[in-house]
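Have the viewer open as you read.

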Amino acid sequence: MRRRLPVIVCFLFGLFMLVQFFVPHPVGTEAYETVLDWVQIIYVFALFVGVAGIIKLHGSKLSPGKKGWFYSLTTILGLAAMVILGFVFGVGKGTPFNWIFQNLQAPMQATMFSLLAFFIASAAYRGFRVRNVESVLLLGAAVIVMIGRVPIGKMIFPYSPEVADWILRVPSMAARRGIFIGIGLGSIATALRVIVGIERTYLGRD
Amino acid sequence: MNLSAKKVPILILVLLSYRLCSGAEQSEPAKAYDTPNDAGRSITIFWGKFEPSLLTVPEECKIFRSPEQEGTYELVATVPFDQLLYRDDDVDDDSSYYYNLVLVKEEAIVGSFTLGPVSSSPQLFNTGRLNVLVGVLICGILVAFFIVQGKTGRELYVRPIAGLSAIDDAIGRATEMGKPILYSSGVGEMSRVATIASMNILGSIAPKIAEYNSKFIFPNWDPVVTTVAQEVVKEGYYKAGHPEAFDPDNIYFVTQSQFGYVAAVDGVMVRERPATNLLLGTFEAESLILAETGNSIGAIQIAGTDSSIQLAFFIVACDYVLIGEELFAASGYITKDPMVLGSLKGTDYSKLIIILFVVLGSILGTFGVDTLVNWFSVG
């Protein structure tokens with residue numbers, strides 16, 4: 001029963017989600033929106049579990065002798081500060097919560113994101129190294145697309161934007177659509193396996 | 001083609017009535033009708049068949065509405081003539097309405113139509129998605145057929161997938177080097193199919209990790225995925241007969257901030273120096289940052305996602321990449337479960353059908369026949 005009930009619930013809701021895609025009637029859309037609301041509610045409770053996990057994990061590292069205890073302390077203090085400030089002063093514009101978010105968290109996230117520029121350069125260097133015929137083709141296509149995408153490209157080769165567009169629209173898009181078809185079919189098969197209960201790994205132990 | 005004498009008149013009648021119906025439709029310059037395939041409360045006014053003379057091409061359409069034919073009409077909208085249709089989304093279901101369509105050029109009326117009565121109602125089935133239903137049914141029937149075949153013991157061949165064959169070696173390498181294995185399912189919620197596929201793969205490799213007694217680290221972006229992953233890995237350790245080796249603290253929730261998660265996982269990579277990184281699931285902009293950091297520490301990396309954009313990043317930074325449906329095929333490939341393998345075979349045959357349609361559609365499209373292509377448009 002420990003497994004049968006979740007499988008039945010999964011089957012019923014999976015079937016409902018499939019059917020509602022074809023039903024424009026308000027009864028179907030309202031039921032769908034209700035289910036989505038419930039998902040959000042369940043998710044909030046799951047977030048509590050996640051936060052409890054963070055406190056447990058970092059709390060166990062708090063002894064001064066343990067390696068990295070200071071970072072765990074910073075994590076717990078940061079978590080507690082955001083919760084307290086959010087509840088006491090609110091989360092709107094001009095509140096301490098919002099100030100910390102805008103001036104600490106957002107710049108830190110932007111810093112991590114900006115690393116992507118350097119990683120793209122190193123990945124491109126490795127990816128475009130000429131080793132065989134395929135890599136020559138890849139390099140050639142990449143050079144044309146890059147030239148076609150910058151303003152100076154038209155001065156170097158007048159038709160470079162058109163050629164770059166053609167590469168992206170025809171051969172590149174054809175390959176991507178091939179992958180999309182595979183992903184779509186794979187998703188359908190995986191969803192069917194989960195809905196009918198063939199794939200039950202996500203349920204954990206019997 | 002063999003047609004019996006009885007069938008010929010019926011066929012002629014059907015073709016004739018179709019012709020007559022289509023002719024009648026063409027003769028109507030404007031019409032108002034219940035908007036099809038919607039949730040109700042909407043009427044469409046269409047004037048696409050109106051053919052003005054060259055000198056009197058209207059500039060705009062004024063649309064008036066009244067609940068009675070002889071009643072007072074109120075202006076609903078003024079739209080450009082070349083818009084050809086207008087959706088009135090401010091009506092009540094099952095109430096009759098009349099529309100007065102006035103075509104205007106330089107403030108002079110060049111045409112006028114009274115349309116109705118017409119009423120709106122919600123539909124139970126979106127006929128614009130009939131093709132999707134047929135496609136899903138065909139795919140579902142093929143998958144079900146091959147699942148039954150697999151269940152009855154028929155041997156099903158699945159081509160070797162390098163990335164999946166390498167997983168055993170990657171786990172073994174981590175054991176030999178005495179370093180951990182790092183797993184990430186990316187930034188996807190449990191409802192994403194790629195995340196579900198990732199959990200299935202995790203369930204397949206967890207017993208091997210337990211057997212090899214390798215340290216396993218799985219930082220998570222989502223608390224639900226964390227809980228599911230803990231259960232999945234726990235089962236794997238039980239299956240392998242090493243429940244005591246399972247440490248739930250190694251599968252932990254980090255943060256829901258995308259780049260906060262990246263910073264945490266990169267930090268784990270740099271500090272713990274895992275020998276193997278398995279990046280399987282839903283990845284977005286963070287894919288390259290994770291994969292390049294993994295590459296810089298010399299870890300063997302196996303990645304897979306359902307995003308074609310992120311696949312390109314994984315291909316340049318990882319040793320093996322599961323492309324597209326290979327991610328969804330992985331659990332069946334690793335476990336050799338005949339039912340899962342059967343479903344893979346079903347999707348392969350579905351793909352074959354799609355390839356046939358693509359080839360046929362390309363040929364017909366080249367000759368200007370768009371009928372087949374139009375079959376695949378979704379409403």
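## A covered strand

Start with strand β9 (residues 216–220) of chain B, which is mostly covered, with 5 of its 5 residues buried. One thing to keep in mind throughout: this is a predicted model. In a regular strand, side chains alternate between the two faces of the sheet. Which residues of β9(B) are on one side, and which on the other? B:Phe216, B:Phe218 and B:Asn220 take one side, B:Ile217 and B:Pro219 take the other, and all are buried, so both faces of β9(B) are covered.

As for a partner, β9(B) pairs with strand β8 (residues 181–186) of chain B in the parallel sense, over 2 bridges. If you want to find the pairing on screen, look for B:Leu182, whose bridge partner in β9(B) is B:Ile217.

## A three-stranded sheet

Elsewhere in chain B there's an open sheet of 3 strands, in the order β1-β2-β5, with antiparallel pairing. β1 (31–34) and β5 (85–88) of chain B sit at the edges; each has a single partner strand, so one side of each is left without a neighbour in the sheet. From one strand to the next, the twist averages 20 degrees.

Zooming in on one pair, β1(B) and strand β2 (residues 43–46) of chain B run antiparallel and are joined by 4 bridges. B:Asp34 has B:Ile43 as its bridge partner in β2(B). The loop between β1 and β2 of chain B holds B:Arg41, and we'll come back to that residue below.

## Helix against helix in chain B

Now to α2(B), which packs against helix α10 (residues 338–366) of chain B at an angle of about 140 degrees, with the axes 7 Å apart. The crossing is right-handed. Residues that meet here include B:Ile138, B:Leu142, B:Phe145 and B:Phe146 from α2(B), and B:Met339, B:Leu341, B:Tyr349 and B:Ile353 from α10(B).

B:Gly153 lies in the loop between α2 and α3 (162–177) of chain B. B:Gly153 and B:Pro338 are 185 residues apart in sequence, yet 7.6 Å apart in space, C-alpha to C-alpha. B:Pro338 is also among the α10(B) residues that meet α2(B). B:Gly153 itself counts as exposed, because it has 7 C-beta neighbours inside 10 Å.

## Where the chains touch

The contact between the chains takes 48 residues from chain A and 65 residues from chain B. On the chain A side, α2 (26–59), α4 (96–127) and α7 (160–195) each supply at least two residues. α7(A) gives the most, with 16 residues. By type, the residues on this side of chain A divide into 30 nonpolar, 13 polar and 5 charged.

So what does α7(A) do next to chain B? Its axis and that of helix α2 (residues 130–151) of chain B come within 10 Å and cross at roughly 60 degrees. The two helices are therefore oblique to each other. α7(A) passes α2(B) in a right-handed crossing. A:Leu185, A:Ile188, A:Ala189 and A:Leu192 meet B:Val136, B:Cys139, B:Gly140 and B:Val143, and the residues of this contact come to 7 nonpolar, 1 polar and no charged. B:Cys139 and B:Val143 also turn up among the α2(B) residues that meet α10(B).

A few spots to check before you set anything up. The peptide bond from B:Gly116 to B:Pro117 is cis, with omega near 5 degrees. B:Pro117 is found in strand β7 (residues 108–118) of chain B.

B:Arg41 counts as partly exposed because it has 16 C-beta neighbours inside 10 Å. B:Asn213 likewise has a positive phi, near 55 degrees, and is found in the loop between α4 (193–212) and β9 of chain B. Buried or exposed, where does B:Asn213 fall? With 11 C-beta neighbours inside 10 Å, B:Asn213 counts as exposed.

Notes: Residues numbered from 1 in each chain as written. Chains lettered and ligands numbered in written order. Predicted model: local features only at pLDDT ≥ 70, side-chain atom pairs only at ≥ 80, totals over all residues. Contact = placed C-beta atoms within 7 Å. Nonpolar A, V, L, I, M, F, W, Y, C, P; charged D, E, K, R; others polar. Axes fitted to C-alpha atoms, helices over the stretch in contact; angles between N-to-C directions. Parallel < 35°, antiparallel > 145°, perpendicular 65-115°, else oblique. Left-handed = near helix turned anticlockwise from the far one by under 90°. Buried ≥ 20, exposed ≤ 12 C-beta atoms within 10 Å, placed from the backbone. Pairing = 2+ DSSP bridges.
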